[in-house]
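I am opening a notebook page on this model and will go through the sheet, the chain contact and the helix packing in turn.

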Amino acid sequence: MRNVFLFIRRYSNFIFFLVLQIVALSFLFRYNKFHEAAFMNVAGEITGKMDEKYNGVEYYFQLKRTNQQLVSENEKLHQLLKENYEIADSSRRFMMDTLRIDSLRKIQKYYYLAAKVVGNTVSSQANFLTIHRGSAQGVKPNMGVVSPQGIVGTVVNVSSNYSSVMSLLHRQYKVVVKLKNGGERGTVEWDGSNPLYVTLKDIPKSAKVSRGDTVVTSQTSSLFPGNIMVGTINDIMDDKSSNFFTLRVKTATNFFNVEFVYVIENSQYDEQKKLEDSTRKKFQ
Amino acid sequence: MSELLKNIVRFALFIFIQVFILFKIPPLHRFITPYLYYLFILWLPFNTSRSGLMAIAFIFGLSLDYFTHTPGLHAAACTLVAYIRPFVINLLISQEGADKSYASPSITSMGWAPYGTYVLVLTLFHHTYLVFLEWMNFGSFLFFLGKVAATSAVSLLLIFLTELLFYRKEKFRTNAA
């Protein structure tokens, strides 16, 4: 027994070092898997406040660009107003039917919640954004996030007033997308080299692909509604040994100056997830 | 200013400079991430106990981690630096006894060559471990080698500039004082 105590005393520094390493590594690997860590909510609230202060300065320098983005988005939305679609004078007037079949059931599936970006990185291999809207304002993990120009990422962690968004520029991020022309689905991920480009995989060689084609979200991802801009094809890397294309996609969102985003709430996400999980369980 | 107060101010300053200046620089290349924050650990006084060093380094690394959303990554690397620091110091200044006559490691207290070696060795340890942890999650071996080399070079340059810009005057302590 005495020797045990002597051993501990002699190597106390080394043991303390090992303990700290184990704590740090367990934090890290737990976070990589589940995106939660001890004190993350409290810390998120504090770092969020500091990010917001910093953004107050940085925001000023980007006002012009942000304004342009919002104006062009408004223009796009104005084009969609139903008042624009009116045929001159005829019996077949175009009207949008807003009557619900069952007035008790919600028919709007996606809700948009505007949020300001207060923290953002592009230089690391694991990039996150911090947005100024948290669980108190209706944000939950696993909500899609889009900017006026295109998709941004997915909410992974929320505190009461701030949320962390895993950016499209994160090595672990994956999202199902499709080609706007043919509708072939593939997966977008980031290879970590250039924050302007992401990689699109699993598009079959049978698809017609050319440079400049648009890539949009697929409704099968269940985080995003369909047909939201992801980017445009910049380069086609033809791999002879594979039946699939590997495409370099220029992201629609400019991650260097994104200031406002929309968090997308899928009101039927839980229902769909539950059904899919139970189906998977049934046939295992 | 007392040594404790000075280090508390440094703690906050190094984290803010790292998070709000160095991490905000548009990426030059994927191998290059400018790191300077761990200089805080290199500058801690000689008379800090070894377990104290590690505890401070752990808290320091973890507070940076909460800004970058990678809890544990920088904390692990900082703890390693703090653990190795006393060994390196003992190797480099055992003859001159600078740890008795000066407060903390610097060019004045250790001399150019030993201080340079001290910074170089700990920088390499820090970056190798940090990039190794990153490499475990993703990336190729080329990524590992390239990033350790490029990031170390940039860090050494930054530390060199910091030492030139913020020259730390070290008082020589005699037995009388």
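Before listing partners I note the criterion: two strands count as paired if DSSP finds at least two bridges between them. The model is a predicted one.

**Entry 1: chain A overall**

I looked up the secondary structure of chain A and found five helices and twelve strands. Of its 284 residues, 31% count as buried. I then took the contacts in chain A between residues at least 6 apart in sequence; 60% of these join residues at least 24 apart.

**Entry 2: the barrel**

I asked in which order the strands of the closed barrel in chain A run. The order is 1-2-5-4-3-12, six strands with antiparallel pairing. From one strand to the next, the twist averages 45°.

Helix 3 of chain A (residues 40-61) does, and it touches strand 1 (110-120), strand 2 (126-131), strand 4 and strand 5 (163-170) of chain A. The direction of helix 3 of chain A makes about 75° with that of strand 1 of chain A.

**Entry 3: pairings within the barrel**

I went through three of the pairings by residue.

- Strand 3 (residues 144-146) and strand 4 (residues 151-158) of chain A run antiparallel and are joined by three bridges. I picked A:Val146 and found its bridge partner in strand 4 of chain A to be A:Ile151.
- Strand 3 of chain A also pairs with strand 12 of chain A, in the antiparallel sense and over three bridges. Here A:Val145 has A:Val263 as its bridge partner in strand 12 of chain A.
- Strand 12 (residues 260-266) of chain A is joined to strand 1 of chain A by seven bridges, and the two run antiparallel. In this pairing A:Tyr262 of strand 12 of chain A stands opposite A:Ala114.

**Entry 4: A:Asn157**

I located A:Asn157 in strand 4 of chain A. Is A:Asn157 buried or exposed? The cut-off for buried is 20 or more other C-beta atoms within 10 Å. A:Asn157 has 23 C-beta neighbours inside 10 Å, so it counts as buried. I also looked up its separation from A:Met40: 117 residues in sequence, but 8.5 Å in space from C-alpha to C-alpha.

I moved on to another set of pairings. Strand 9 (residues 214-217) and strand 10 (residues 229-237) of chain A pair over three bridges in the antiparallel sense. A:Val215 has A:Gly231 of strand 10 of chain A as its bridge partner.

Strand 10 of chain A is joined by six bridges to strand 11 (residues 244-251) of chain A, and these two run antiparallel. Strand 10 and strand 11 of chain A form a hairpin, with six residues between them. Across this pairing, A:Thr232 stands opposite A:Lys250 in strand 11 of chain A.

**Entry 5: contact between the chains**

I counted the residues on each side of the contact: chain A gives 29 and chain B gives 28. On the chain B side, the elements that give two or more residues are helix 3 (50-68), helix 4 (73-93) and helix 7 (112-137) of chain B. Helix 3 of chain B has the largest share of that side, with seven residues. By class, the chain B side has 16 nonpolar, nine polar and three charged residues.

Two packed helices are described by the angle between their axes and the distance between the axes.

I took helix 3 and helix 4 of chain B as one pair. They pack at an angle of about 155°, with their axes 7 Å apart. Angles over 145 degrees count as roughly antiparallel, and helix 3 and helix 4 of chain B are therefore roughly antiparallel to each other. Their crossing is right-handed. Among the residues making the contact are B:Leu53, B:Ala57 and B:Phe60 of helix 3 of chain B, and B:Ala77, B:Val81 and B:Tyr83 of helix 4 of chain B. This contact has 15 nonpolar, three polar and three charged residues.

Helix 1 (residues 3-22) of chain B packs with helix 3 of chain B at about 35°, the axes being 10 Å apart. This crossing is right-handed. B:Phe11, B:Ile15, B:Gln18 and B:Val19 of helix 1 of chain B meet B:Phe60, B:Ser63, B:Leu64 and B:Phe67 of helix 3 of chain B.

Definitions and conventions: Residues are numbered from 1 along each chain as its sequence is written. Chains are lettered from A and ligands numbered from 1 in the order in which they are written. This is a predicted model: local features need pLDDT of at least 70, side-chain atom pairs count only at pLDDT 80 or more; totals for chains, interfaces and linings use all residues. Helices (H or I, at least four residues) and strands (E, at least two) are DSSP runs, numbered from the N terminus. Axes are lines fitted to C-alpha atoms, for helices over the stretch in contact, and angles run from 0 to 180 degrees between N-to-C directions. Two residues are in contact if their C-beta atoms, placed from the backbone, lie within 7 Å. Ala, Val, Leu, Ile, Met, Phe, Trp, Tyr, Cys and Pro count as nonpolar, Asp, Glu, Lys and Arg as charged, and the others, Gly among them, as polar. Angles under 35 degrees count as roughly parallel, over 145 as roughly antiparallel, 65 to 115 as roughly perpendicular and the rest as oblique. A crossing is left-handed if the near helix is turned anticlockwise from the far one by less than a right angle, and right-handed if clockwise. A residue is buried if 20 or more other C-beta atoms lie within 10 Å of its own, exposed if 12 or fewer, and partly exposed in between; C-beta atoms are placed from the backbone.
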